[in-house]
Amino acid sequence: MLFKCSVCGFIWDGDDAPDKCPKCGAPKEKFNKLDDDVAGLVLKSRETNDIHMKLAVHLEIIADLAKRGLEIKLDPGCVDVFEKAQKAAYELRQMVKAELATHMTKQKWG
Ligand SMILES: [Zn+2]
């Protein structure tokens, strides 16, 4: 079962709510058990959100590599590839962030 702290939003997995919130220290009474449908959404979205966050890390690495390549400017072919990599990494990172923001507002988080 999942329990959510009504003060800070911390989600707790267990048979019962914790004695106090690990994040904000709110007492047990501040925790609400999530409905089965909401809990199902949260559980299903956990791995997807983790994949999105890992993607964001890799895209940042791609953006850094492209920047380094653009600074070297060996030849037009290299510059073309690095510019495309930089643009694609930027756009994909923004898409990842937009998707994560949507998940947070639709309870697909926790
Ligand atoms: Zn809390």
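Modeller: Let us begin with a definition: a polar contact is a pair of N or O atoms within 3.5 Å; within protein, one must be able to donate a hydrogen and the other to accept it, and residues adjacent in sequence count only if both atoms are side-chain atoms. The model is predicted, so local features need pLDDT of at least 70 and side-chain atom pairs count only at pLDDT 80 or more, whereas totals for chains, interfaces and linings use all residues. Residues are numbered from 1 along each chain as its sequence is written, and side-chain values use heavy atoms, with hydrogens and water left out.

Colleague: How many residue pairs are in polar contact between domain 1 and domain 2?

Modeller: The count is 1 residue pair, both at pLDDT 80 or more. Domain bounds come from an automatic or database domain assignment, which gives domain 1 as 1-34 and domain 2 as 45-110. Taken over C-alpha atoms, their centres are 34 Å apart.

Colleague: What is the area buried between domain 1 and domain 2?

Modeller: Buried area is the accessible area (1.4 Å probe) that two parts lose on being put together, summed over both. Here the value is about 230 Å², with carbon and sulfur atoms giving 38%. On the side of domain 1, Lys4, Ile11 and Asp13 lose the most area to domain 2, together 87% of what that side buries.

Colleague: How many salt bridges does the rule find across this interface?

Modeller: A salt bridge is a side-chain nitrogen of Lys or Arg within 4 Å of a carboxyl oxygen of Asp or Glu. Across the interface of the two domains the rule finds 1. Arginine 46 and aspartate 13 form a salt bridge through their side chains, at 3.0 Å from N to O.

Colleague: Is serine 45 buried or exposed?

Modeller: Buried means under 20% relative accessible area, exposed over 50%, and partly exposed in between (1.4 Å probe, protein chains only). Serine 45 has 6% relative accessibility and therefore counts as buried. Its side chain reaches the backbone oxygen of lysine 108 at 3.2 Å.
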